[in-house]
Amino acid sequence: ADIPVIPDLEEVQEEDLAMQVAAPPSVQVNRVLTYHDLDKDLMKFAAFQTLDGEVDLKLLTKVLAPEHELREDDVSWDWDHLFTEVSSELVTEWDLGQSERED
């Protein structure tokens, strides 16, 4: 009664779960807020004007720079050009330091 049996190939193929694909989980995607929305919320809600209910952030929120002043154009960097520029500035500073010591 306890004799092991080698399964037939047809039985193994029927039980093969490798070809089955699980359904992907369903995730609710929320809208990502823009900087403009965050700025409006910062000024609108009093909850954003204090930190831990103790630190008053009103002064900080008054002097924060708006987004359009912080935006910069993307500039590609060339390693050779950047290395040459930095090394020449360092040499210039070193030369100025040497001339001040000699004086």
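The secondary structure of the predicted model comprises 5 helices and 2 strands. Read from the N terminus, these elements follow the order α-α-β-β-α-α-α. Helix 1 covers residues 9-15 and helix 2 covers residues 35-44, while helix 5 spans residues 79-102.

For the chain, the mean pLDDT is 78, and 77% of the residues reach 70 or more. The lowest mean pLDDT among the elements, 64, belongs to helix 1, whereas helix 5 has the highest, at 90.

The accessible surface of the chain amounts to about 10700 Å². Carbon and sulfur atoms account for 58% of this area. Of the 103 residues in the chain, 4% are buried.

A nonpolar patch on the surface is formed by Leu33, Tyr35 and Leu38, which together contribute about 300 Å² of accessible area. Leu33 is located in the loop that connects helix 1 and helix 2. The relative accessibility of Leu33 is 40%, and this residue is therefore classed as partly exposed.

Methods
Residues are numbered from 1 along each chain as its sequence is written. This is a predicted model: local features need pLDDT of at least 70, side-chain atom pairs count only at pLDDT 80 or more; totals for chains, interfaces and linings use all residues. Side-chain values use heavy atoms; hydrogens and water are left out. Patches are made of residues with over 30% relative accessible area and no salt bridge: like charges are joined within 9 Å, nonpolar side chains (Val, Leu, Ile, Met, Phe, Trp, Tyr) within 5 Å. Accessible areas come from the Shrake-Rupley method with a 1.4 Å probe; for residues, only the protein chains shown count as cover. A salt bridge is a side-chain nitrogen of Lys or Arg within 4 Å of a carboxyl oxygen of Asp or Glu. Helices (H or I, at least four residues) and strands (E, at least two) are DSSP runs, numbered from the N terminus. Buried means under 20% relative accessible area, exposed over 50%, partly exposed in between (1.4 Å probe, protein chains only). pLDDT is the predictor's confidence in each residue, from 0 to 100.
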